[in-house]
Amino acid sequence: MSVDTAAEGRAPYGDSYKANLFERPFLQDMTYVSDLDIVSYNLAYDEKFYYISIELVGTNPNNSLGLNYAVELDINADGYGDYIIAARPPYNVNWSPDNVQIVEDTDRDTGGLSAEKSDGPLPGNGYDTVIFDGGRGENDTDPDLAWVRVNAGNRATVQFAFKVGFAGTRFIYGVLADGGLKSYADLDYVDRFSEEQAGSPEKSEEFYPLKSLYAVDNVCREAFGFTGTGQEPQRCKPTR
């Protein structure tokens, strides 16, 4: 979170450009946007759906800036995102698939040359093929595949639901809040820009303030359904 240092126009913790970790809930002039600032995220499930909840510092996902929220799924735990389940405003307190898309990376380039570090600037098309578009797209074989709602509880400012059968029983997942580029074709952003081009949210860093990469917050990714080594690319490191 950046809320404690927001008035100073800086984020001293959590942003690690080389590791694809963003703590940038700021505009380019370092104006703080609390509705982008991720506090926590969690996963629950029942027999039909997975539910991923994103807790934000702010309480207005319908911020006038137009904010997108998303879940990234790495099905084979190689650090390259396979699918992004993404929502755009307007958001409603009731479940709806209307503004939800699922976009697939069909050519394995979301992680650039290496899923463990920045390779920018590097061309690529990131998540490139829409396979679900609000239940109305030409490729939508299941109109109920993915849903979103907001303000469902203290720890669910934005909440996604998607079918268990779609994701399978083991995967790595992370979440994203995006009010800047909002371009899934450019993920991972660290592979599209050099660190100098992107800028930095920390005043002590050489490339402060934010430049091309702003108004974005994400998290390290968690594993579901398997233990693994704990060293999978982009996965949260075990704590002792």
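User: What makes a pair of cysteines a disulfide here?

Analyst: A disulfide is a pair of cysteine sulfur atoms within 2.5 Å. In this predicted model, C220 and C236 are joined with an S to S distance of 2.0 Å. That value is within the cut-off, so the pair counts as a disulfide. The link is right-handed, with 95 degrees about the S-S bond. The structure holds one disulfide.

User: Which parts of the chain does the pair C220 and C236 tie together?

Analyst: C220 lies in the loop between β11 (216-218) and β12 (222-224), and C236 in the segment after β12. The parts tied together are 16 residues apart in sequence.

User: Why is C236 called buried?

Analyst: Buried means under 20% relative accessible area. C236 has 12% relative accessibility, so C236 is buried. C220 has 28%, so C220 is partly exposed.

User: How do you know that R10 and E202 form a salt bridge?

Analyst: The cut-off is 4 Å between a side-chain nitrogen of Lys or Arg and a carboxyl oxygen of Asp or Glu. The closest N and O atoms of R10 and E202 are 3.7 Å apart, so the pair qualifies. R10 is in the segment before β1 (23-24), and E202 is in the loop between α2 (195-198) and β11. They are 192 residues apart. R10 is partly exposed at 22%, whereas E202 is buried at 13%.

User: Why does the pair D98 and R136 count as a salt bridge?

Analyst: The N to O distance is 3.4 Å. The limit is 4 Å, so the pair counts. D98 is partly exposed at 38%, and R136 is exposed at 56%. A search of the whole structure finds eleven salt bridges.

User: Which residues touch the most other members of the largest nonpolar core?

Analyst: They are Y69, L73, I85, F160, F162 and F166, in a core of 38 residues. Beyond its neighbours within four places in sequence, F162 is in contact with residues including F49, L73, I85 and L145. Another core, of 16 residues, lies apart and has Y17, F22, L176 and F193 among its members.

Notes: Residues numbered from 1 in each chain as written. Predicted model: local features only at pLDDT ≥ 70, side-chain atom pairs only at ≥ 80, totals over all residues. Heavy atoms only, no water. Helix = DSSP H or I, 4+ residues; strand = E, 2+ residues; numbered from the N terminus. Buried < 20%, exposed > 50% of the residue type's maximum accessible area, 1.4 Å probe, protein only. Core = buried A, V, L, I, M, F, W, Y, C linked by side-chain atoms within 4.5 Å. Contact = heavy atoms within 4.5 Å.
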